[in-house]
Amino acid sequence: MAAIIDEKCRLDKWLWAARFFKTRSLAADAVSGGKVRVNSDRAKSAKEVQLGMQIQITTKDMEMVIEVTGLSNARRSATDAAFLYKETKESKTKRDNLKATKSAEHALRERGAGRPTKRQLRDIAKFTGIKNYTS
């Protein structure tokens with residue numbers, strides 16, 4: 001399918017239609033909170049999106065830089081939404097590297113690095129001489 005083209009499109013509506021955010025209000029909050037940058041500048045929700053714009057989207061899970069290839073004011077299927085943008089190569093490799101390191105970090109938790117076990121609490125209480133040591 002070719003790129004979807006509308007004449008005009010607001011930034012928050014486009015982010016919602018491209019399926020980066022579940023609701024338009026979440027998209028507007030992200031834009032006003034500085035999580036979305038257009039051509040490296042902060043933008044407002046009503047900013048008009050144009051073909052070829054570079055948009056940087058930062059959330060707690062990801063950071064991606066995309067280029068606008070289509071405009072749409074309506075939310076359609078995920079396959080149709082994929083035609084609205086193209087992720088840059090640098091962004092894709094950076095996101096893949098981050099994903100790999102996050103999964104590796106999760107597996108490398110040291111034993112005993114979290115909360116003390118019951119046995120360790122007893123040993124701490126014995127060492128410090130404090131009865132009912134709980135913290």
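**Close-up views of the predicted protein chain**

Figure 1. In β4, Glu-63 is the bridge partner of Thr-58. Strands are DSSP runs (E, at least two residues) and helices are DSSP runs of H or I with at least four residues, numbered from the N terminus. The model is predicted: local features need pLDDT of at least 70, side-chain atom pairs count only at pLDDT 80 or more, and totals for chains, interfaces and linings use all residues. Residues are numbered from 1 along each chain as its sequence is written, and side-chain values use heavy atoms, with hydrogens and water left out.

**Figure 2. The open sheet and its strand order.** The sheet is formed by 5 strands in the order β2-β1-β3-β4-β5, with antiparallel pairing. At the edges stand β2 and β5 (85–87), each of which pairs on one side only. Two strands are taken to pair if DSSP finds at least two bridges between them. Strands of a sheet pair through backbone hydrogen bonds, either parallel or antiparallel. Between β1 and β3, which run antiparallel, there are 3 bridges, and Arg-37 stands opposite Gln-56 in β3. Another 3 bridges join the antiparallel strands β4 and β5, where Val-68 stands opposite Tyr-85 in β5. In the chain as a whole, 5 helices accompany the 5 strands, and the elements follow the pattern α-α-β-β-β-β-α-β-α-α along the sequence.

Figure 3. Ile-55 and Ile-57 make up the covered face of β3. The uncovered face of this strand carries Gln-54, Gln-56 and Thr-58. Ile-55 is also among the residues that touch the most other members of the largest nonpolar core, and Ile-57 is touched by Leu-15.

Figure 4. At least two core residues come from each of α1 (11–17), α2 (24–32), β1 (36–38), β3 (54–58) and β4 (63–68). The element that gives the most is α1, with 4 residues. A nonpolar core is a set of buried Ala, Val, Leu, Ile, Met, Phe, Trp, Tyr and Cys residues joined through side-chain atoms within 4.5 Å. Leaving aside residues up to four places away in sequence, Leu-15 touches Phe-20, Phe-21, Ala-27, Val-31, Val-36 and Ile-57; a contact means heavy atoms within 4.5 Å. Buried residues amount to 26% of the 135 residues in the protein chain. Buried means under 20% relative accessible area, exposed over 50%, and partly exposed in between (1.4 Å probe, protein chains only).

**Figure 5. The salt-bridge network of Arg-10, Asp-12 and Arg-24.** These three residues, Arg-10, Asp-12 and Arg-24, are linked in a network of salt bridges. A salt bridge is a side-chain nitrogen of Lys or Arg within 4 Å of a carboxyl oxygen of Asp or Glu. The closest N and O atoms are 3.1 Å apart between Arg-10 and Asp-12, and 3.3 Å apart between Asp-12 and Arg-24. Asp-12 lies in helix α1 and Arg-24 in helix α2, so this pair ties together parts that are 12 residues apart in sequence. Asp-12 is buried at 3% relative accessibility, whereas Arg-10 is partly exposed at 34% and Arg-24 is partly exposed at 33%.

**Figure 6. The salt bridge between Glu-87 and Arg-95.** The side chains of Glu-87 and Arg-95 meet in a salt bridge of 2.7 Å, N to O. Glu-87 is buried, with a relative accessible area of 18%, and Arg-95 is partly exposed, at 27%. A search of the whole structure finds 4 salt bridges.

Figure 7. Arg-19 is found in the loop between α1 and α2, and its phi is near 70°, a positive value in a residue other than glycine. The relative accessible area of Arg-19 is 38%, which counts as partly exposed. Ser-40 lies in the loop between β1 and β2 (41–42), again with phi near 70°, a positive value in a residue other than glycine. Ser-40 is exposed, with a relative accessible area of 59%.
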